[in-house]
Amino acid sequence: MADIVFGFGSAHGPLLSTPPDKWDLRAEADKKNPAHPFRGEIYNFEELYKLREDENLAEQNVLEIRKERHSRCQKQIKVLSEKINDVDPDVILIVGDDQREWFKEDVQPTFAVYYGDQVVNSAYSEKKANSMAPGLAYSMRATHPDKDQIYPCEPELALKIIEQAIEEEFDIAASKTEPMGDEGPRGIGHAFGYIYRQILNDKPRPLVPILINTFFPPNQATPKRCYEFGQMIGRAIQAWDSDKRVAVAASGGVSHFVIDEDFDRRILEAMASRDLETLLSEPNWMFRSGTSETKNWIVTAGIISITDFKMNLLDYVPCYRSDAGTGNAMAFATWTRD
């Protein structure tokens with residue numbers, strides 16, 4: 001039977017690949033955004049600033065602290081890269097969200113499993129980068145190679161997960177062929193490209209992509225359903241008739257583009273202590289915008305729950321880019337038997 005040998009979670013936010021002195025490019029976009037979700041409400045930038053001014057976030061939004069926190073993030077990315085190389089798994093299963101990269105408004109599955117033989121990570125496009133909001137081209141450089149790159153997949157495990165899902169009455173989408181765009185295959189999304197490029201260093205380990213709709217109404221799964229979906233995947237891996245060693249990864253999260261340190265610490269601690277009452281009772285409206293990617297971690301925690309692994313939080317780094325509290329909170333963790 002297959003064995004889960006390692007788990008990890010990593011943020012993939014744009015500030016990880018943006019020089020700290022350029023974070024203001026995204027802050028300027030924040031000021032123009034009329035709809036910042038925060039703790040169940042929606043605020044424009046000025047409203048958000050007034051709401052949070054007693055937190056003195058300006059003290060954390062200075063270049064010296066930005067540089068220190070950016071450096072901490074780079075350190076943990078390197079740590080995760082070294083750990084995955086040491087473990088050297090045969091297969092890596094990545095839980096990531098799809099932000100209209102593969103799936104569009106015509107069809108947006110809550111849960112999807114890809115069981116094709118390979119996926120493409122499409123090349124960096126100068127044309128596309130120039131059409132993006134200021135500052136986002138940096139993150140596109142971090143997730144897309146200079147030329148199209150092929151990642152091999154592990155369809156046998158993917159099919160086992162699909163079979164297990166049907167048995168356990170999860171109605172999921174099963175995808176065997178990459179969606180096509182005007183210029184060919186759309187290419188795997190940034191949640192997967194980031195892990196492969198920045199943590200796996202483009203080593204072509206066989207992949208099982210698990211795609212979650214965390215962003216888009218009306219069919220985002222609740223935290224409880226995400227955890228149960230993960231448990232199902234864990235049982236499928238255990239039941240897979242193979243001697244291959246499987247690593248699982250959560251890509252994305254935690255709170256952004258408005259940082260909520262209380263939320264992040266509550267969720268991370270609940271996962272580390274396996275406090276399901278706290279983890280699964282978090283209101284669904286707390287998981288909006290980029291913060292919704294935290295559900296990728298909840299799915300992964302569900303997968304790991306069928307093992308005796310413990311979660312080790314390597315670092316939690318709130319990276320503020322404005323005095324109103326906008327930015328990216330970054331978390332890095334491993335699940336191991338140690």
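Beyond its neighbours within four places in sequence, Ser292 is in contact with Thr214, Phe215 and Phe287. The model is predicted. Ser292 sits in the loop that runs between α10 (276-280) and α11 (294-304). Its relative accessible area is 0%, so Ser292 is buried, the cut-off being under 20%. The points below cover the aromatic residues, the arginines placed over rings, and the nonpolar cores.

**Aromatic pairs**

- The structure holds 10 aromatic pairs.
- Phe111 and Phe170 make an edge-to-face pair, with 6.5 Å centre to centre and 70 degrees between the planes.
- Phe111 belongs to strand β5 (residues 111-114) and Phe170 to the loop between α6 (155-167) and β8 (173-175), so this pair ties together parts that are 59 residues apart in sequence.
- Phe111 counts as buried because its relative accessibility is 6%, and Phe170 counts as buried because its relative accessibility is 4%.
- Phe215 and Phe216 form a tilted aromatic pair, with 5.8 Å centre to centre and 45 degrees between the planes.
- Phe215 and Phe216 are both buried, and Phe215 is one of the contacts of Ser292.
- One aromatic cluster is made up of Trp102, Phe103 and Tyr114.

**Arginines over rings**

- Arg100 lies over the face of Phe216, at 3.8 Å from the ring centre; Phe216 is the residue that pairs with Phe215.
- Arg225 lies over the face of Phe170, at 3.8 Å from the ring centre; Phe170 is the residue that pairs with Phe111.

**Nonpolar cores**

- In soluble globular proteins, nonpolar side chains tend to be buried together.
- The largest nonpolar core in this model has 54 residues.
- Leu93, Ile161, Ile210, Phe229, Ile233 and Ile237 are the residues with the most contacts inside this core.
- Helix α8 (residues 223-239) supplies the largest share of the core, seven residues.
- Leaving out residues up to four places away in sequence, Leu93 touches Ile161, Val208, Ile210, Ile233, Ile237, Ala247, Val248, Ala249 and Ile303.
- Among these partners of Leu93 are Ile161, Ile210, Ile233 and Ile237, which are also listed with the most contacts inside the largest core.
- A second core is separate and has 38 residues, including Ile92, Ala142, Cys153 and Phe192.

Terms used
Residues are numbered from 1 along each chain as its sequence is written. This is a predicted model: local features need pLDDT of at least 70, side-chain atom pairs count only at pLDDT 80 or more; totals for chains, interfaces and linings use all residues. Side-chain values use heavy atoms; hydrogens and water are left out. Helices (H or I, at least four residues) and strands (E, at least two) are DSSP runs, numbered from the N terminus. Buried means under 20% relative accessible area, exposed over 50%, partly exposed in between (1.4 Å probe, protein chains only). Contact means heavy atoms within 4.5 Å. Rings of Phe, Tyr and Trp (its six-membered ring) pair if their centres lie within 6.5 Å; planes under 30 degrees apart count as stacked, over 60 as edge-to-face and the rest as tilted. A charge sits over a ring if NZ of Lys or CZ of Arg is within 6 Å of the ring centre and within 35 degrees of the ring normal. A nonpolar core is a set of buried Ala, Val, Leu, Ile, Met, Phe, Trp, Tyr and Cys residues joined through side-chain atoms within 4.5 Å.
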